[in-house]
Amino acid sequence: MGTGWAPENAFESFVRDLVNHFSGESEFALSHAWCGSDVKLMGFWDGDEADIVLWVPQKSLHVARRADHIRNKETVLAECHRLASLRLPGTQARFRLNARDVPGRRTSCT
C-alpha cells in the first residue's frame with residue numbers, strides 16, 4: 001500500500017472551482033434559477049491546451065422551451081470561457097457542454 005500527495009496545480013484548482021461555480025452557492029448559480037446542482041466534469045490539460053467535457057443540468061421547471069435550453073447552454077459556455085481566461089491565462093480551452101445533446105433532437109431539459 002502506498003499514499004502520496006502533491007499540491008493542486010492550476011488546472012485541478014480551476015476544474016474544482018468550475019464545478020462549484022455552477023453547482024454551489026455562487027453568484028452565477030443563485031442568479032440562474034434553471035442551473036441544476038448535479039454538475040459533472042472531466043478534463044485534460046497539458047499546460048498549453050485544456051479539453052473539458054462538462055454537464056450542467058437545467059431544471060425543467062425554469063426552462064419552458066428548447067430555445068431557452070440552448071440560450072442557457074450558451075450562457076454557461078460563455079461563463080466557462082470567461083473563467084478560463086482569468087484562471088488559465090495563455091491556455092487554449094475547449095469546452096464541450098452537455099455533449100450528448102443533439103441539435104434538432106427533442107430531449108429533456110433536466
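Buried here means under 20% relative accessible area, with a 1.4 Å probe and protein chains only. Strands are DSSP runs of E with at least two residues, and helices are runs of H or I with at least four, numbered from the N terminus. In a regular strand the side chains alternate between the two faces of the sheet.

This is a predicted model, where local features need pLDDT of at least 70 and side-chain atom pairs pLDDT 80 or more, while totals for chains, interfaces and linings use all residues. Numbering starts from 1 along each chain as its sequence is written, and side-chain values use heavy atoms, leaving out hydrogens and water.

β3 pairs with β2 in the parallel sense over 6 bridges (pairing takes at least two DSSP bridges). Across that pairing, E49 stands opposite Q92 in β3.

Now to α1. N9 caps its N-terminal end, with a side-chain oxygen 2.9 Å from the backbone nitrogen of F11. Its buried residues include F14, L18 and F22, and the buried set packs against these elements (contact is heavy atoms within 4.5 Å):

| Element | Residues |
|---|---|
| α2 | 27-31 |
| β1 | 40-45 |
| β2 | 49-55 |
| α3 | 66-87 |
| β3 | 92-97 |

F22 touches L54 and V76, among others.

Conventions:
Buried < 20%, exposed > 50% of the residue type's maximum accessible area, 1.4 Å probe, protein only. Polar contact = N/O pair within 3.5 Å; in protein donor to acceptor, adjacent residues only side chain to side chain. Lists of a residue's contacts leave out its neighbours within four places in sequence.
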